[in-house]
Amino acid sequence: MTREELFAKREQKLKEQKRRRLIMIGGVIAALLLVFLIVKIATGRVSKKNGPDSSVQTTNEVGASAGTTVSRTTESQTPAPTQAATDPAGQTADVTAAPAAQTVDETASADDTAVQGMTEYTEQGAAGWNDGEAGRWYKTASGQQYMNGWKMLGGSRYFFKADGYAAVGWEMADDGNMYYFNEDGTWDSTKKQKLVALTYDDGPSWNTDLILDTLAQYNAKATFFVVGVNQADFYTSELLREYNEGMEIANHTYEHVVLSHSDADTIVHQVSANDELIMSLTGGYQPTLLRAPGGGTNDVVHQYVNKPLIQWDVDTLDWQTRDAANTLAVITENVRDGSVILMHDLYQATAEATVDVVPTLYSMGYKMVTVSELAEAYGYTLENGVEYYSFYPEESPDPAIRAAYGGEG
Ligand SMILES: [Zn+2]
């Protein structure tokens, strides 16, 4: 069997699997809708009976909002790197929410967002700190565990994860930013998160789903420079998944044409035809960024591409090596705060590399954001026809950001 036949066969198989999955999902959604309707009718009666009780709800806003886990599918949060090392409570502190202290260690701080809940450990252990299988957890005076948020205990600040364990190492808190916690769980406010933009070219493809699965697991975002014909128009469901999960969809030309070898008419057509395809598939989203195939640019490209031209500072050469371990190694050895990493979601080895790249960058204190988010966070205003290779904060056009990161004034 030739390579093409193998791919075609695999393609066929994946499509079949997908169809079956869709039918199953349809059934589950119908069942959920039914349950939702029943619950809705039931609670509708209850709330009518009880009437509004706004005084109770407003005094406990902070605690209530902390009860939700970090959302993974909603629109991307704006990164706030300069705030990462400051007070996590920000502006949301609600002094009235502080309950009366019950034990010595449970004096509520105005910025506590941890809720009290139960896990299998709650029955075990005594009040206060306990050692569990995956770290330390805290039993409250009322016999529950702290989870899903910040808690000030004994003068130090901790972040309790959804499983009730205190975070250790780098962890994304409920505001979507990364914070560093010492071995004993205490927050180290001197360590600042870093930002990086993962970029994937030439897709979407049958490998894109694995990449999106991995990104979702770590609340990470990436930018996909998609090719129009035979990619975006063929892998529509992957493209829509990118869009719906808050990824940045960017333009990589309609037919992967090397723009620096093209005339003005071709350049304009290659960019606009891909824009139009993406807009029709997504219901109106127009990409704002372009990556020239092969990175090839010249004065004509600068003049006729009405978008910022995004290059990269970390080249994994994944298309050449097809080696997941090598891709991971290149990234860990070369990444720095503000880097743009080049990969290609055409290749299985790249998707497999991503499974390791994302948790590795997370454990190194990197928040993975889209290219547009990275530029904005570090004070770069993206201009049409201008090339960008990286967005290092110490080289930011914004003097305040430059100074905060040790750059030259
Ligand atoms: Zn390409």
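View 1. The model shown is predicted: local features need pLDDT of at least 70, side-chain atom pairs count only at pLDDT 80 or more, and totals for chains, interfaces and linings use all residues. Residues are numbered from 1 along each chain as its sequence is written. I341 belongs to strand 14 (residues 339–344); strands (E, at least two residues) and helices (H or I, at least four) are DSSP runs numbered from the N terminus. W312 is 29 residues from I341 in sequence, with 5.9 Å between their C-alpha atoms.

**View 2. The largest nonpolar core.** Such a core is a set of buried Ala, Val, Leu, Ile, Met, Phe, Trp, Tyr and Cys residues joined through C-beta atoms within 7 Å. This core has 60 residues, of which V196, I341, M368 and L374 touch the most other members. Helix 11 (residues 348–363) gives the largest share, six residues. A second, separate core has 18 residues, including W137, F159, A167 and W187.

View 3. Strand 7 (residues 169–172) and strand 8 (residues 178–181) run antiparallel and are joined by four bridges; strands pair if DSSP finds at least two bridges between them. W170 has Y180, in strand 8, as its bridge partner. Five residues lie between the strands of this hairpin, where G176 takes a positive phi near 85°.

How values were computed:
Buried ≥ 20, exposed ≤ 12 C-beta atoms within 10 Å, placed from the backbone.
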